Amino acid sequence: MKLRNTLFVSGLLCGLLSAQASAAMVSLYGTDVSFTFDDMALGLYGGPTSGVPYGGSAPIVVGNSLIFQPTDFKAESLNGNGGAGAVTANQTLIIDVAATTPGFDITSVIMAEDGDYRQDGIDASVTASLRLGVTSTTTPCGLFACKDATITNVGGFGDTGVNTVGWSGSATVDLADTAGWGSDSAVQVSFQNNLSATTLSNGETASIQKKLGGVGLYVNQVPVPAAVWLFGSGLIGLAGVARRNRRN
């Protein structure tokens, strides 16, 4: 029994260590912010920032934006899909974002997506929706952390025949929309995209793919309270008086 317990504990510890090892947290740095995420959880959004990429190129940072370039984020239904009809593809990422430039705060977060689609047939259809959620890791709004979220359903999908047509969508969370928030030095961003393609009859085609996605941030200088400016002005005035006294 004792040996059995020892083996169980050893197996549990090995499992925990293996789970910890599989989570590869990486940080990428932009102009004024850092992005931290588990590159082993990117899934359909792309591949690890180190090693052989899967599902697309590794994420890159441009300015204050984190850009994903997936190649396998796709929903496709052909000829009624064997009676199943609808095919879906969805992925959610959690990204920790922090302002790195002293004196600057995050004021809003933007999610942008684009790709292409094909829709051919009376009962063929495609859809795309975006969800962007932002939660503070530093600021409480009452008893809980400040948070806000928005969902956007991309419109304008129509029959394309044999052609492939581009689509795009975006969602924005402005921290000022939440009472007591306004700006923040560190937030957690939930970044989600859902695609679906449906056909019901033979000869129909529905396919939609995401080829580019990104999280961008507005980062602005934190306003200095008026009392601080007045205090600073007072110090400048005192310095001027001190210089004149020394000359006399």
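In strand β12, glycine 213 is the bridge partner of phenylalanine 68. The model is predicted: local features need pLDDT of at least 70, side-chain atom pairs count only at pLDDT 80 or more, and totals for chains, interfaces and linings use all residues. Residues are numbered from 1 along each chain as its sequence is written, and side-chain values use heavy atoms, with hydrogens and water left out.

**Exercise 1.** Determine which strands pair with β12, and in which sense.

*Solution.* Strands are DSSP runs (E, at least two residues), numbered from the N terminus; two of them pair if DSSP finds at least two bridges between them.
- Step 1: β4 (residues 65-70) runs antiparallel to β12, joined by four bridges.
- Step 2: β5 (residues 74-78) is also antiparallel to β12, with five bridges; here glutamate 76 stands opposite serine 207.
- Step 3: β7 (residues 104-120) pairs with β12 in the antiparallel sense over 16 bridges, and methionine 111 has valine 215 as its bridge partner.

**Exercise 2.** Explain why β12 is described as largely enclosed.

*Solution.* Buried means under 20% relative accessible area, exposed over 50%, and partly exposed in between (1.4 Å probe, protein chains only). Twelve of the 17 residues of β12 (residues 205-221) are buried, so the rest of the structure largely encloses this strand.

**Exercise 3.** Locate the disulfide and classify the accessibility of cysteine 141.

*Solution.* A disulfide is a pair of cysteine sulfur atoms within 2.5 Å.
- Step 1: The whole structure holds one disulfide, which joins cysteine 141 to cysteine 146 at an S to S distance of 1.7 Å.
- Step 2: Cysteine 141, at 25% relative accessible area, is partly exposed, whereas cysteine 146, at 1%, is buried.
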